[in-house]
Amino acid sequence: MDYIVINGQKPLNGTVNISGAKNAAVAILPAAIASNGICVIDNLPQIEDVTTLITAMESFGAQCTLTAPDTLVVDARGVNSWTLDDKLAKNMRASYYFMGALLGKFKEAVVPLPGGCDFGSRPIDYHLKGFIALGATCVQEHGAVKIKADKLRGANIYLDCPSVGATINIMIAAVFAEGTTIIENAAKEPHVVDTANFLNKLGAKIGGAGTNTIRITGVSALGGGEYTVIPDPIETGTYMIAAAITGGDVTVENIIPKHMDSVTAKLREMGCAITEGGDWIRIQSDSTLRPCEIKTAYYPGFPTDLQPQMATLLCRANGTSTITENIFEQRFRYIGELKRLGAQLKVEGRMAVTEGDCEFTGTRVIASDLRAGAALVIAGLCAKGETIIGGVHHLDRGYEKFEEKFRTLGADIKRIQRDG
Ligand code: EPU
């Protein structure tokens with residue numbers, strides 16, 4: 001029931017340290033329960049999705065100990081159950097990775113259909129087709145998927161589209177399949193590579209992650225190991241866009257600049273000055289923004305997870321911009337709330353158009369999902385007067401210390417806590 005209050009129109013200035021990548025961490029944690037050794041996972045973001053996953057891992061019998069706020073030691077040798085609780089599954093999307101991990105290690109999993117952000121139907125048919133190709137049966141009953149196999153055998157699997165979730169899930173299960181599995185048309189996102197690197201550290205034999213063909217040679221068991229999660233490209237992009245909209249000068253640190261190429265290119269096209277070093281990017285903006293065209297695409301294209309934030313920025317450009325959403329059929333649902341702050345965006349099918357030059361003015365709005373919430377915060381940071389944002393639990397799922405980090409950059413932002 002918390003809400004965020006922002007008094008806008010303060011340029012952001014300074015340095016912000018980026019946390020571990022949510023979408024890498026939420027794959028690596030479920031993968032860790034397939035290990036027979038001790039895993040030490042570092043640079044975990046302190047977000048609700050991670051907390052939920054730790055609870056889920058413990059519910060299977062894994063021992064999880066936080067030795068530092070961002071370091072988790074996982075001992076999964078005691079895992080003795082392969083049924084995930086309905087509530088834990090529905091709190092998040094990444095609960096689906098327990099399917100691959102449990103199927104791989106125990107040849108059995110009962111996992112309720114996942115929750116997560118609502119942008120229309122988000123099927124998991126490619127995941128299940130992959131498991132079936134490896135020799136499993138998948139039956140959906142009472143809202144859960146029951147997956148079983150006597151043994152898993154390597155297979156050639158072609159994905160109809162390069163789904164991040166399906167690529168990672170099939171890859172985790174295939175680590176335990178006899179022989180070789182080839183995933184064609186695989187997703188190339190940095191978190192796919194990170195999950196593969198983690199599994200390889202534990203003894204898996206995965207090659208080609210980061211290209212559209214991933215080759216997995218099965219092993220009989222995974223050991224332990226230490227691993228550091230990559231920095232979060234979406235958190236990075238969110239601060240870059242916030243700097244641009246407020247006419248700020250912000251350095252994002254502890255990042256991989258290469259992961260940001262599509263975002264950096266668009267912000268430069270809009271007129272922002274961007275410099276980068278080994279693990280940082282500095283963005284300077286004088287708030288004079290040129291319009292541009294955004295088309296979301298699989299990596300290395302422009303990420304759908306920054307589409308709402310970027311659409312908000314384009315509302316402030318001095319001319320007409322178009323935003324085409326190619327990944328999710330209904331990821332413009334946030335626009336209604338953004339309009340209450342003054343956005344002028346017309347949606348036609350998969351495209352949104354803004355004439356630009358919008359003046360944001362504060363009012364009460366509600367975040368409908370994680371990145372929708374980030375877009376509303378960004379609009380609030382440049383809005384005249386006070387913006388009050390509800391639905392903050394969505395932000396807590398995926399951004400570590402969101403208001404705190406903005407405050408260190410000079411934003412006038414606070415959280416009001418409400419009980420019950
Ligand atoms: N799709 C299918 N069938 C499937 C799987 C996917 O039709 O079995 C379709 C989807 O409906 C969508 C497209 O394929 O149209 C791509 O979906 P993908 O599977 O890549 O997405 P996801 O695994 O559900 C992950 C992230 C999302 C991110 C997308 C795209 C996690 C936990 N979630 O979702 O992250 O938007 O990839 O990059 O990794 C976020 O962080 O805000 C977020 C929503």
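This is a predicted model: local features need pLDDT of at least 70, side-chain atom pairs count only at pLDDT 80 or more; totals for chains, interfaces and linings use all residues.
Residues are numbered from 1 along each chain as its sequence is written, and side-chain values use heavy atoms, with hydrogens and water left out.

View 1. From the side chain of Asp305, an N or O atom is 2.5 Å from a ligand oxygen atom. A polar contact here is a pair of N or O atoms within 3.5 Å. The ligand exposes 830 Å² when taken alone, and the protein buries 92% of that (accessible areas by the Shrake-Rupley method with a 1.4 Å probe).

**View 2. The shell around the ligand.** The elements α1 (22-32), α5 (125-133), α6 (164-174) and α12 (370-382) give two or more residues each to this shell; helices are DSSP runs of H or I with at least four residues, strands are runs of E with at least two, and both are numbered from the N terminus. Of the 25 residues around the ligand, those that come nearest are Tyr96, Asp125, Ser163, Asp305 and Ile327, where a residue counts as near if one of its heavy atoms lies within 4 Å.

View 3. The axes of α1 and α4 (residues 97-106) come within 8 Å and cross at roughly 25 degrees, the axes being lines fitted to C-alpha atoms over the stretch in contact, with angles from 0 to 180 degrees between N-to-C directions. These two helices, α1 and α4, are therefore roughly parallel to each other (angles under 35 degrees). For α10 and α12, the packing angle is about 25 degrees and the axes are 7 Å apart, which makes α10 roughly parallel to α12.

**View 4. Backbone details in two loops.** A cis peptide bond with omega of about 10 degrees joins Tyr299 and Pro300, and Pro300 is found in the loop between β17 (293-295) and α10 (307-314). Asn43, in the loop between β3 (38-42) and α2 (48-59), has a positive phi of about 60 degrees although it is not a glycine.

Conventions
A polar contact is a pair of N or O atoms within 3.5 Å; within protein, one must be able to donate a hydrogen and the other to accept it, and residues adjacent in sequence count only if both atoms are side-chain atoms. Angles under 35 degrees count as roughly parallel, over 145 as roughly antiparallel, 65 to 115 as roughly perpendicular and the rest as oblique.
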